[in-house]
Structure formats: structure tokens, C-alpha cells
Amino acid sequence: MNKIWVYIDQFKGQPLATSWEGLGAAKTLAGQLGGGVTALIFGKGVEPIASQAFQYGADEVLLADDSSLEDYRSEPYTALLAKLASESAPEVILFPTTTRGRELSAMAAIDLNTGVLPDVIGLEVVDGSLLATRPIYAGKLMCKVKCLTKPQLVTLRGRAFAKLLLDASRTGTLTKVSPVMGEADIPTKVEAYAAGEAGVSLTDASVIVSGGRGVSNNPKLTPPAGMDEKQAEIWKAQQGFKLVEELAQVLHAAVGASRAAVDAGYIPYAHQVGQTGKVVSPDMYIACGISGAIQHQAGMRTSKVIVAINRDPEAPIFKLARYGVVGDLYAILPALSEAFRKRLGK
Amino acid sequence: MKIVVCVKQVPDSAAKLVAIDGKANWGDSPLIINPWDEYAVEAALQQAEAHNGTVIAVTIGGEGSKEALKHALAMGCAEAILISDEALAQVDSQVTARVLAAAIKKVGEVDLAFLGRQAIDTDTGLTAAQTARLLGWPALTLVSVITGVDTAARTIKVEKSAEEGRLTVSTKLPAVLSIVKDFGEPRYPSFMGIRKASRAVIPSWSLADLGLSGLKANIAWPEIMNPPVRQVTTEMITGSTPEEIAGILADKIMAEKIL
């Protein structure tokens, strides 16, 4: 049995692309620790994911396809993962840092009496064991961590590891496994699902356009009559965020926001970037009307290229930015959307 | 209904962190209750109010961690317990979860245990799920709405977050919940609450009180480092019209070859 396992996260039969990054990281580790890479796929009607896993680098797939596994639930997933791992004793199990990957690794670690290295951005092998690098204090500091017990469970931060190029000719060994819990023994039921807002997910996005408190400051806008001061402020902010969303659409980017904008009620919390929101690391981060509080910087400072548009030339965000524009975002953003439309042929 | 809420004392989110000799330093920044835990306290108090229950706040740490408990008391928790032991100086999430699970058992007849989604210092986000697993209770993580708790049927229904949207999930009591910010703003401590908290006698439990010994961290962290310094030269883009500025900026960004 292979020493390196990778959990492939799926939702409603669709694999999350960040799972392929786990296979990429596993291949590198297998090169150092020896052996091949085994992918774990649990769900219902998920056999097609196995072919994709082979194409992204898995040598073997352990597939559990059963109606009791249709929705991710911690009880049957943990029980199955723990049984497979205790039988075959892999040295490493990699998970994507998704809501499910984090929970499953946490619970499986208890069953397997081992530890989890969560939200890892770098991995090396030292004396046959993993030495991982992970951010703490929302990236204000980094630390090296290791797991003293086996298997070493690791969740990988999205976009921190490269996936392999898809090789359509690649295939491997498919082994089917059975669930270990019957439906009657599973207390948790998933009753309904409401899709989130359409659009690009913040943690997967290669480009993010974010708005802050400044998006509500357009003096030229007159809110509809009958609004109180707070309603008028939110209305103005929403007009501002339309410009942020327009640019995001042109760039196929996700829409982010500062905590100030979320707390003021301009945009839902799901968009918050920062220490008490999402920590992101896109190729480009465009901050519009965001001053750049330390908590916000913690959430975006590892972005490759940072662009800041702000009226205040003293805003701390400019210290992080590769490109800065001091000016009125209501004029700059529409012009920027138009400029990119031309250059990107849209 | 008996409810436990687990909280942690952490450096303020505005703190500047620096690694010195492989350790985290936050200068003279204040220590506060973990911001995520305030949502857990709020959720716990709402359930207690709805079901004529009582909320007990629990933390692990030294004497200084009593401040986080006092904040929870000031918000409205009825009691607080500090778990303090020299053997808990270096813990990982698994040891933390073992201690919390033992404390929840010792409190006894607990229906719901609440935690924040993660602590803003170590950022692991593992403890709620691990505490649930150790207790053998269902874990409902990342909960934004508690739709209903049926104390007679011993069931709970919640909405929880996933990458793809919101899931409605039901399970059996007792259960462990972790709460996210979408739940709604936590209440401020009241004046009466602050007075009550300042006079509260907070009992301290040791590992021996919890019947625990030989706990061992599975995780070691040999080094804490400062992040690489961001080497950046800021180029300010200027022009006479927004269109001119936008054109120059778009050309520069196209040349970065990231689109």
C-alpha cells in the first residue's frame, strides 16, 4: 500500500479543484519518501472522479460509492477514513483546507490518535518525516510544525501547492471499499442545501477586487427620497460595490471586502478578507477604498500583485501596493473596467 | 438546559506580532476574548434564554485567562471555570479537546457545547470537531443559524456554511457547535454584567480534578518566524483623466502577465 494518501473533496459529485493540488504535493512527497500516491474518494455516483484523480497524478484510488455517503457527514466519513488508515497505515494523509477537509482531518486524527497540521503552505521531508510551514495569527507570523505520530494528517491551503498538468492518458488501480456505518446509525441528516451567491470563490480566485468603507463615499450620488441616514449610506455603498463587481466580472475575479464594509452592512460576511474573514493569496488583489488596517493586511498581504485605489494618499494600503492610484474610485473603476474590456477583447 | 461555552484568551486582533527567539511577541497589546468566541457566547446565551437554561463558560490557561471568562460572565453567562495546570503549558488541539471534553463531562448533563470557529492566534479550527469526537457527540461546525432545538425529542436543526452555500442539517442532542460570524452580532457586556463579573469567584480545575494524566501533544512547533518581508516598490499611477490613469494601469497590469 502507498505511503501517501490524498483525500479528494467533492460536493454533489463534483470534485473541488483544490483537491488536485493535494495530488501534486503528494507526488513531490512520494518522490522523497518512495512509493506511489493513493487518492480517497467517498460519495455517491463519484466513480467518474476516479479517472480524473488518475489523470492528476493518483496511482491508486480507494473508492467508496454508497448512498450513505452521498452528502458529506462527519460520522460515516470519519469512521471509514479511520478504518482504512488503521488497516493500511499510510504515513501521510493530505486534505484540502476546505470546510469538509478540515473537519474530517480533525475527527479522523482523534480516531487514529494522531495530529493534524492545518492550513499548510509549505512541506519538506526531514529525516523521513514532514516539516510543514503554516501561517499563524492570520499570517502575521509563520511557524514550522511537525506531527510526532503517524499517520501525519495535513490540510493544504488552497493555491499554495501546484497541481500537475492533466494527463488524459494516465490511469491506475481502482479499489472499491464499503462504508462502515449503516444509515440507521448515523444521527446527522443533511435536509436541504441553498446555493451561495454565484461567482468566483474568494479562496480559489486568482484575481480579487475588494471594496472597503470608501465605496460609500460618493458625494455625487443622491439616494432615493425617504431613506434614513443609515439606509442612504448602504444604498450609496451598494452603488459603489456595483463598480467593484463590474471590474471583477471583466477580470473573472472574486469580490472581496474589508471588515469595515461588512460590519457597516454593505456586503455579506462571506466576502470579508482579513483576520476574522478569509485569508487569501491571489495573483492580483485590487483594493478599492480600503485603507488597509493591520487585520485586513493579514488577510491579503501574500497576494502577488497588490493594486490600491484610494482617495487618501496616506492610506497604509499603499505601502503594500505594487501600483497605487490616489483618486476617486467612482471615476477610476468604470474607466479601468473599460480599459480591461478593450485589452482582453471582451 | 445546560450549556457550556469554551473560550480562549488571545492577543488583540490589532496587535503587531513579532517573532523573537522563535517565539511570538505582541508587545504591550492587550489580551482579549477570542473574537470568534463572542459569537459562540451569544449563541449559547440565546439558547439558554429560549429554553430556560444556564450557560457555563470554560477556558484553559493561567490566571490571566480569567479575563476572557469575565467577559463571558459580563455578557450573561451564569458561571465560569478556569482549567489551569502546569502540564498544559504546551498543548495542541488534540490535548485542548481532551481537556475540554473532560470538563464538559465533569460539568455533567450538558445538552449543547459551543465554541468559536477558530482561535485567532493558532488559527487551527480543529478543536470543536475534536471535542465532539472525543465526547462521541455529533459536531455541527460553522453554524450560522440555529433553526430549532427540540428538548423533548432531543434534536437540533441548524444552517451551516460550506464552500457551495448553506446546508440545513439536523442531528441529535447532545451536540457540539462551532459558530461563525454570520450568526449575528454578539451582545455587549451590560453594566450589571460587568459588576457581577468583577465580583465572580471563578473556580480553578486541575488535570487531576478532571481525571486526566499523561496527556501528550502530537504536534511540535520547533520554530516561529516572521513572515518574509514584502519587497515592494510602489509605483503611483497619475494622469490628467480617469481614462488616462486607467489605461496606464491596465497596461502595467497586462505586462505582469497574471491575467
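Which domains does the domain assignment of chain A give? I started there, keeping in mind that this is a predicted model.

**Entry 1: domains of chain A**

The assignment gives me domain 1 (4-185) and domain 2 (207-343). I looked up how far apart they sit: their centres, taken over C-alpha atoms, are separated by 35 Å. Contact between them involves 4 residues of domain 1 and 7 residues of domain 2. On the domain 1 side, I noted 1 nonpolar, 1 polar and 2 charged residues.

**Entry 2: A:Glu183**

I then went to A:Glu183, which sits in the loop between strand E12 (173-176) and E13 of chain A. Is A:Glu183 buried or exposed? I found 11 other C-beta atoms within 10 Å, so A:Glu183 is exposed.

**Entry 3: helix H5 of chain A**

Next came helix H5 (residues 229-250) of chain A, with 22 residues. From first C-alpha to last I get 32 Å, close to the 32 Å expected at 1.5 Å a residue. Its buried residues include A:Phe241, A:Leu243, A:Val244 and A:Leu247, and A:Lys236 is also one of them. What do these buried residues of H5(A) pack against? I listed strands E14 (207-211), E15 (254-257) and E16 (284-288), together with helix H6 (259-263) and H8, in chain A. After the helix comes A:His252, and I noted its positive phi, near 50°.

**Entry 4: where A meets B**

I turned to the two chains together and found 70 residues of chain A in contact with 68 residues of chain B. Several elements of chain A each supply at least two residues to this side, among them helix H4 (99-111), strand E10 (141-147), strand E13 (189-195) and helix H8 (329-343). By class, the chain A side divides into 42 nonpolar, 15 polar and 13 charged residues.

Strand pairing also crosses from one chain to the other: E13(A) runs antiparallel to strand E11 (residues 165-172) of chain B, joined by 6 bridges. Within this pairing I picked out A:Ala192, which stands opposite B:Thr168.

**Entry 5: the largest nonpolar core**

Which members of the largest nonpolar core touch the most other members? Of its 194 residues, I noted A:Val6, A:Ile41, A:Ala53, B:Val5, B:Ala57, B:Ala72 and B:Phe114. Both domain 1 (4-185) and domain 2 (207-343) of chain A give residues to this core, so it lies between them.

**Entry 6: chain B and its strand E1**

For chain B I have 6 helices and 15 strands. Its C-alpha atoms fill a box of roughly 70 × 45 × 40 Å along the principal axes. Of its 259 residues, 48% are buried. Among contacts between residues at least 6 apart in sequence, 68% join residues at least 24 apart.

I finished with strand E1 (residues 2-6) of chain B, where 4 of the 5 residues are buried, so the strand is largely enclosed by the rest of the structure. E1(B) runs parallel to strand E6 (residues 54-60), with 5 bridges, and B:Lys2 has B:Thr54 as its bridge partner there. With strand E8 (residues 112-116), E1(B) also pairs in the parallel sense, over 4 bridges. There the bridge partner of B:Ile3 is B:Leu112.

How values were computed
Residues are numbered from 1 along each chain as its sequence is written. Chains are lettered from A and ligands numbered from 1 in the order in which they are written. This is a predicted model: local features need pLDDT of at least 70, side-chain atom pairs count only at pLDDT 80 or more; totals for chains, interfaces and linings use all residues. Ala, Val, Leu, Ile, Met, Phe, Trp, Tyr, Cys and Pro count as nonpolar, Asp, Glu, Lys and Arg as charged, and the others, Gly among them, as polar. Two strands pair if DSSP finds at least two bridges between them. A nonpolar core is a set of buried Ala, Val, Leu, Ile, Met, Phe, Trp, Tyr and Cys residues joined through C-beta atoms within 7 Å. A residue is buried if 20 or more other C-beta atoms lie within 10 Å of its own, exposed if 12 or fewer, and partly exposed in between; C-beta atoms are placed from the backbone. Domain bounds come from an automatic or database domain assignment. The expected span of a helix is 1.5 Å times one less than its number of residues.
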